[in-house]
Amino acid sequence: MPEPGITPMLVLIVVLALAFDFINGFHDSANAIATTVLTRALSMRNAVLLAAAQNFLGALIWEGVAKSIAEGIIAPEVAHTIPAVVILSAILGAILWNLLTWYLGLPSSSSHALIGGVIGATVAYQPHVVKALNVKGLEKIITALVLSPILGMICGAILMVLLMRAFANLPPARINGWFRWLQIVSANFMAFSHGTNDAQKSMGIITLALYSGGVIHSVHVPIWVKVLAASAMALGTAGGGWRIIKTVGRKIMGLQPVHGFASETAAAGVILGATLLHAPVSTTHVISSAIMGVGASRRLSSVRWGVVAQIVLAWVFTLPASALLSASCYLVLGRLLRL
């Protein structure tokens, strides 16, 4: 349980961070289950339950990404004294952007939204960007965010080419029969890797709030924070996200079980590798780009590039849009609280 001395503002931050985790769960549940549902390897109900369980398990194991969020965005000399309203504003901006893109059915990045939210609220509080932000930490984070979709596309294309060559002499019906079962394995892998990376972002925000509030005296993730964040992610995933499932799976390209297996396996490998390097990445970007890579390995016309362009625009605008929303939240809340 939390230590004594936690303020109402800090409690509100924890609650909203968990709400963000819940929203992240149903917003990004498509990442793990879209291809599995659309290829009919699993029913929607079973796929969602599988993803929820694996998200919970993955979220409990590591904390490196959480530390990168807590230490890598805000400059160390600012982090330990930053007002709670800044962190609150960051979460609010990210939640608003996530809800908007969920409503529109766009698979935008919760990671970009949260990181953009922290940047926007911090700069609104401390306009001197160099003093406010951890430039080296942000370089690492942004590099991972940019490179991971490229790796997802490359890995998806390579794996699909290898599978096509390995099974070139077998009839498609037999191949899809095998991969309908193998895709259940790849979906578990994808859901687990999603939990190892995405749930840690809210853990990092809560840890930052606890550290800046003096509740903890070093940047480490308390076990109760891990359990609460993992639970919120799992419950959110159980709520599903059919709008985004249709965009991620059906609208990018027509999927067969072998394509689902290749895209999920490639994406999960990239995400888990990033987690081991303590790098926060966008699971939405990685799985979407892996699907694009799988489609492009067959023929470029297999990918519906108009839909891809819409998704890329959502990716590009997410960080600045959430930064602007969070900065606005800080300016409004700061005035209301006379800060």
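Which residues form a nonpolar patch on the surface? In this predicted model, the patch is made up of Ile142, Val146, Leu147, Ile150, Leu151, Ile154, Ile158 and Leu162. Together these side chains account for about 710 Å² of accessible area. One of them, isoleucine 150, belongs to helix 8, which covers residues 135-166. Isoleucine 150 is partly exposed because its relative accessible area of 44% falls between the limits of 20% and 50%.

The protein chain contains 14 helices and zero strands, and its pattern along the sequence reads α-α-α-α-α-α-α-α-α-α-α-α-α-α. The protein chain has 339 residues, of which 58% count as buried.

Helix 9 spans residues 172-212. This helix has 41 residues, and the distance from its first C-alpha to its last is 57 Å, close to the 60 Å expected at 1.5 Å a residue. Helix 9 also bends, by about 30°, at tryptophan 181. Further along, aspartate 198 and lysine 201 both lie in this helix, three residues apart, or about one turn of the helix. The two are joined by a salt bridge whose closest N and O atoms are 2.6 Å apart. Both aspartate 198 and lysine 201 are buried.

The end of helix 9 can be followed through two residues. Serine 212 is found in helix 9, and a polar atom of its side chain lies 3.2 Å from the backbone oxygen of alanine 209. Is serine 212 buried or exposed? Serine 212 is buried, because its relative accessible area is 16% and the cut-off for burial is 20%. Just after helix 9, glycine 214 takes a positive phi of about 80°.

The salt bridges come to three in the count. Glutamate 63 takes part in both of the contacts described next. With lysine 67, glutamate 63 forms a salt bridge in which the closest N and O atoms are 3.5 Å apart. With lysine 226, the side chain of glutamate 63 meets in a salt bridge of 3.1 Å, N to O. The pair of lysine 226 and glutamate 63 links distant parts of the chain, 163 residues apart. Lysine 226 sits in helix 10 (residues 223-239), while glutamate 63 is in the loop between helix 2 (44-61) and helix 3 (64-72).

A last point concerns helix 12, which covers residues 257-276 and contains glycine 273. Because its relative accessibility is 28%, glycine 273 counts as partly exposed. The C-alpha atom of glycine 273 is separated by 9.8 Å from that of serine 148, although the two residues are 125 residues apart along the chain.

Methods. Residues are numbered from 1 along each chain as its sequence is written. This is a predicted model: local features need pLDDT of at least 70, side-chain atom pairs count only at pLDDT 80 or more; totals for chains, interfaces and linings use all residues. Side-chain values use heavy atoms; hydrogens and water are left out. Patches are made of residues with over 30% relative accessible area and no salt bridge: like charges are joined within 9 Å, nonpolar side chains (Val, Leu, Ile, Met, Phe, Trp, Tyr) within 5 Å. Accessible areas come from the Shrake-Rupley method with a 1.4 Å probe; for residues, only the protein chains shown count as cover. A salt bridge is a side-chain nitrogen of Lys or Arg within 4 Å of a carboxyl oxygen of Asp or Glu. Helices (H or I, at least four residues) and strands (E, at least two) are DSSP runs, numbered from the N terminus. Buried means under 20% relative accessible area, exposed over 50%, partly exposed in between (1.4 Å probe, protein chains only). The expected span of a helix is 1.5 Å times one less than its number of residues. The bend at a residue is the angle between axes fitted to the seven residues ending there and the seven starting there. A polar contact is a pair of N or O atoms within 3.5 Å; within protein, one must be able to donate a hydrogen and the other to accept it, and residues adjacent in sequence count only if both atoms are side-chain atoms.
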